[in-house]
Amino acid sequence: MTENSPRKVLITGGTGLIGTRLAELLIDSGFEVALLSREPAKSSHYRSFRWDPRAGTIDEAAVPYADYIVNLAGASVSDGKWTDERKRDIMTSRLGGLALLSRELSKPGHHVQAFISASAIGVYGDTANTLLTEESPPGLPTHDFLADVAHQWELAAAPIAALGIRTVIPRIGIVLSTEGGALPQIARPVKLGAGAALGSGKQYMSWIHLDDICRLFMAMLEDPAWHGTYNAVAPNPVTNQQFTETLAHVLHRPLVLPKVPAFGLKLAMGEMSEIVLGSQNVSAQKVLKQGFKFEYPELQGALEALYGG
């Protein structure tokens, strides 16, 4: 790589919520971006390499292309009920991709300097109001599917770190964007004047604005001081009740309904209700100590930026 040539970032899961925005911001900052995709789009702005984690196949030029790899690949946990088949897909889509990347990165002839592999704060399980740091133990996989997925996802990145490649694992909170993820689903009833806290309303939501998570990823790519695990959340988590009230305030809507009972959510969503009923009060202290500055440290500011308040 000559001094002047742009640094190249290969993104898996690059068409998802985070990947789409991250690619834009990387291009704006002078990086070159390529996507690793099961179905490379002809119309994409980006160079695409084909891979199929299930079949264990990957374009041989993909990994040698990259200076950095950002791994976001994995079936969404919030699309559709968690049938056994869906749960298997959520797990294998994450582990298969990492196994394939690990295999390619163990071969000579690449120049990958850093590997960022997504995880989620779900790794901690449902922990009420306990403040969670990166040292907190993972949740018990026996009765918490999300904790099991995130824990396995992190373990699958370990062989890459073992190759001596700087590996960073951001444990991502609830990413706030109007383009997808949880926020549009939470906002829909509020916009209709039918908003209500979910369950007890006391469960903690550790959130982060989409632009902040992408800026954090870029800091992790560029600065060799970042390695290991970090909570990728804004410094001010809120309860579900506070979240709903702040959202209603920003959208200028009343909150008229009582809380939505937990048993109703479990009935409607099945096991997937873990996503909205689980409580995770996650600390951003390690990221702040590393010198990262959040553009949106407070929920109200983040929501106003998204909804043009």
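**View 1. Strand β1, helix α1 and strand β2 come together as a right-handed β-α-β unit.** Helix α1 covers residues 17-28 of this unit. Keep in mind that this is a predicted model. Strand β1 takes in residues 8-12, and strand β2 takes in residues 32-37.

**View 2. Here's how β1 pairs with β2.** These two strands run in the parallel sense, with 5 bridges between them. For a landmark, look for Val9, which sits opposite Val33 in β2.

**View 3. β1 also has strand β5 as a partner.** Strand β5 is made of residues 68-71, and it runs parallel to β1. There are 4 bridges joining the pair. The landmark on this side is Leu10, which faces Ile69 in β5. So how much of β1 is buried? The strand is mostly covered, with 4 of its 5 residues buried.

View 4. Is Thr167 buried or exposed? Thr167 counts as buried because its relative accessibility is 9%, and the cut-off for buried is under 20%.

**View 5. Zooming in again, these are the neighbours of Thr167.** The Thr167 side chain makes a polar contact with the backbone oxygen of Ile165, at 2.9 Å. Leaving aside residues up to four places away in sequence, Thr167 touches Phe115, Ala157, Ile160 and Ala161, along with His227 and Gly228.

Terms used. Residues numbered from 1 in each chain as written. Predicted model: local features only at pLDDT ≥ 70, side-chain atom pairs only at ≥ 80, totals over all residues. Heavy atoms only, no water. Buried < 20%, exposed > 50% of the residue type's maximum accessible area, 1.4 Å probe, protein only. Pairing = 2+ DSSP bridges. Right-handed = clockwise from strand over helix to strand, strands pointing away. Polar contact = N/O pair within 3.5 Å; in protein donor to acceptor, adjacent residues only side chain to side chain. Contact = heavy atoms within 4.5 Å.
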